[in-house]
Structures are given as C-alpha cells and as structure tokens.
Amino acid sequence: QVQLVESGGGVVQAGGSLRLSCAASGRTFSSYVMGWFRQAPGKEREFVAAISRSGGSIYYVDSVKGRFTISRDNAKNTVYLQMNSLKPEDTAVYYCAAKTAVVLLRTPYDYWGQGTQVTVSS
C-alpha cells in the first residue's frame, strides 16, 4: 500500500505559476504509474496528467497541454505538477493518484491523496 500527500496549492493570479508536489510513502514508488486529477466545485473529477513508472511516457488532458508539466523523482518518491499560465478555470482541488497497472490511460487508480486547493483569481 502507498500513502500520498499533496502540497503546494494556494492562491495565485491568472497568468501565474504553482508547483504541486505529491510525496509517496513506501519503497516501491517506482513501480506505480502516477497521475494528477482535479475537481472543481460542482463538477466531476477530471484527469489532468499521467506519467509512467520510469517517466518516459507522459499524457495530458488537452486543456493543460503546453501549460502544465508532470514529472517524477523516483529517488525522492515524489511526483510534481508544474502549472504555468494559470487560468481561473484551473481552480480546483488537485489530487495525485497511484496505480499498479502499467497502462497510462483507461485503467483505475488504486491510491489517492487528500487533495490540495488551487485557486486562480482573475
């Protein structure tokens, strides 16, 4: 089992940047595909980005391509989400998640963090 703890959320003006971090417990972090999701008020949770176990494969939802960057440091058991050119519509609670399935997309995640709030003011 793995425990995930997100950090780095906050309030930022439109056009600004934030970097989210997700620290994982346990010694097998490198065996998990990692993902970031977000949930805005009144909306369903949506996929944002995923990264393979080695970091060699990455996928983004279209709305964040060119603005967000997912990365991981397996030595530090941490996955990151660098968010640039933030927009008010990026306001949401951001969650990191981990899964044992190798496939990046269309397979469920097994573990979830508690979330961190990101608020982008206009």
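I started with the sheet: four strands make an open one, ordered S1-S3-S8-S7, with antiparallel pairing. For the record, strands here are DSSP runs of E with at least two residues, numbered from the N terminus, and two of them pair if DSSP finds at least two bridges between them. At the edges I found strand S1 (4-7) and strand S7 (68-73), each pairing on one side only. From one strand to the next the twist averages 15°, with axes as lines fitted to C-alpha atoms and angles running from 0 to 180 degrees between N-to-C directions.

A note on what I'm looking at: this is a predicted model, where local features need pLDDT of at least 70, side-chain atom pairs count only at pLDDT 80 or more, and totals for chains, interfaces and linings use all residues. Numbering runs from 1 along each chain as its sequence is written, and side-chain values use heavy atoms, leaving out hydrogens and water.

Next I looked up S3 and S8. Strand S3 (residues 18-24) and strand S8 (residues 78-83) run antiparallel, joined by six bridges. Leu-18 sits opposite Met-83 in S8.

Then the whole chain. I count eleven strands and zero helices. The radius of gyration (over C-alpha atoms) is 13 Å, close to the 14 Å from the globule rule (2.2 Å times the number of residues to the power 0.38) for 122 residues, so the chain is as compact as a globular protein of that length. Its C-alpha atoms fill a box of roughly 40 × 25 × 25 Å along the principal axes.

Last, burial: 44% of the 122 residues are buried, meaning under 20% relative accessible area with a 1.4 Å probe, protein chains only.

How values were computed:
Buried < 20%, exposed > 50% of the residue type's maximum accessible area, 1.4 Å probe, protein only.
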